[in-house]
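Please read it alongside the sequence and the coordinates.

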Amino acid sequence: MLTACAGAGGGKGAGEVTEGKFEPHRPAAANYGVDPAVTCPRTGAVNVVATDVETRAKQNHQTVPLPDGRLCAMADTLMGWKGAAPDEHVIAFLSNYFGLTASVPSVLITTIDTNDQNLIGSRLVDPVWKFSQTAVQPHFGVAVQKMSSGRTELSKIVLLMQDAPVEIQPFPRKLAPNSQANLSGKLAQGAQNPKLYLTDPAGHLENPALGSGPEFQSEIRCADKPGTIRIELRGERSGAENILASFPVACGTDQPTAIALAPPATAVAAAGAGSQPPERRLFELINAERTKAALPPLEWDDGVAGIAQSISDARRDQMKSGGGQVNVDIVGQLKSQGIQSPVVLTNPAAARSPEEAQERFASSPVHRANYMSTEVTHVGIEPRRPPIPRGSQ
């Protein structure tokens with residue numbers, strides 16, 4: 001999906017970084033799915049983009065990229081973001097906050113040396129059009145804010161782009177204890193065999209049957225135990241299965257209204273040897289979620305961590321050589337280290353921070369069920385450096 005918000009009023013709902021958190025000022029969405037009450041501006045740069053990409057799409061007999069009010073609201077919120085683009089866990093939080101059923105994959109925050117809305121829009125047409133070439137149903141959103149810099153005209157631009165291969169009917173972001181709601185929707189043309197995976201607050205994995213057609217529905221239940229339900233929807237297109245939607249639902253509790261920020265890389269480096277290693281930080285995040293669900297914390301195991309390191313190294317070497325999937329005999333390696341276990345579960349993640357890695361684990365019901373399993377007692381995590389930390393549980 002591609003989304004853009006633009007207009008001279010951009011930035012009025014900008015979020016704010018305070019006390020190590022990023023907090024939106026706009027109200028959160030009540031539901032996931034399209035909200036007709038939330039729209040993009042009909043004038044300014046966003047209108048220029050919408051008009052030009054619609055013309056191109058019709059001339060080339062392709063799907064028209066659509067402006068999305070939720071993306072415009074999110075883009076306006078990001079006017080308050082300072083520095084480089086936010087980490088994945090921040091984008092995932094904002095995507096959920098504004099009722100998007102998948103994290104926005106393409107985020108551009110930049111400045112342009114003009115305040116002319118037509119010029120700004122014309123510069124954004126090409127990236128939106130390029131994104132749409134590989135999207136099933138592209139959506140876009142833009143926000144524009146004038147900046148003061150002496151006599152130089154500058155504008156801050158936030159452009160969000162996302163593919164929407166599934167249409168989900170409005171579904172509440174929060175359920176009351178002992179209640180249920182119907183999750184329904186339709187896959188985009190050419191997609192079939194929808195599959196639903198979800199974990200309840202305790203991490204139990206469910207896989208309700210949905211049938212093979214493009215339309216689907218399933219009842220989502222919230223029991224009396226508060227926490228988070230994680231939902232993931234998959235579908236097949238051209239013989240390949242893809243994740244189409246992934247979002248959390250609050251069960252008997254509230255959705256977060258702000259997101260804690262990871263310390264900057266420069267601050268971590270300055271801390272030197274006294275700083276917490278990323279694998280230990282991820283270990284803490286996993287145990288914090290288990291504790292919240294009244295599950296016993298996992299114990300750290302150096303031997304398991306060593307196996308995780310060998311798996312990470314093997315995958316790194318395979319990527320360098322351009323090979324395919326790495327098959328590692330994990331059970332055999334554990335036995336060689338004198339570790340006997342009836343249950344062995346593994347979670348891989350490519351991320352820039354422990355928080356981002358945990359967000360990837362938590363957003364996948366299958367991976368979440370792994371680290372929340374009551375059959376698991378010990379864990380070992382080892383990042384691969386450089387360039388991207390990779391943890392294995």
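What follows takes the strands, the pocket and the helix in turn.

The model is predicted, so that local features need pLDDT of at least 70 and side-chain atom pairs count only at pLDDT 80 or more, whereas totals for chains, interfaces and linings use all residues. Residues are numbered from 1 along each chain as its sequence is written, and side-chain values use heavy atoms, with hydrogens and water left out.

Helices (H or I, at least four residues) and strands (E, at least two) are DSSP runs numbered from the N terminus, and two strands pair if DSSP finds at least two bridges between them. Strand E17 (residues 240-251) takes part in both pairings below.

| Pair | Bridges | Direction | A bridge partner in E17 |
|---|---|---|---|
| E11 (residues 174-175) and E17 | 2 bridges | parallel | Cys251, for Leu175 |
| E16 and E17 | 11 bridges | antiparallel | Ala250, for Thr228 |

E16 and E17 form a hairpin with 2 residues between them, and Ser238 in the turn has a positive phi of about 55°.

The largest pocket holds about 1000 Å³ of space. Among its 34 lining residues, Thr228, Arg230, Pro256, Lys292 and Glu359 are the closest to its centre. A pocket here is an open set of points on a 1 Å grid over the protein atoms alone, where a 1.4 Å probe fits, with protein on both sides within 12 Å along at least five of seven lines, and lining residues have an atom within 4 Å of a point. H6 gives the most to this lining, with 5 residues.

Helix H10 (residues 365-372) has 6 of its 8 residues buried (under 20% relative accessible area, 1.4 Å probe, protein chains only), among them Arg368 and Tyr371.

Technical notes: Buried means under 20% relative accessible area, exposed over 50%, partly exposed in between (1.4 Å probe, protein chains only). Grid points are joined across faces, edges and corners, and a volume is the space filled by probe spheres set on the points.
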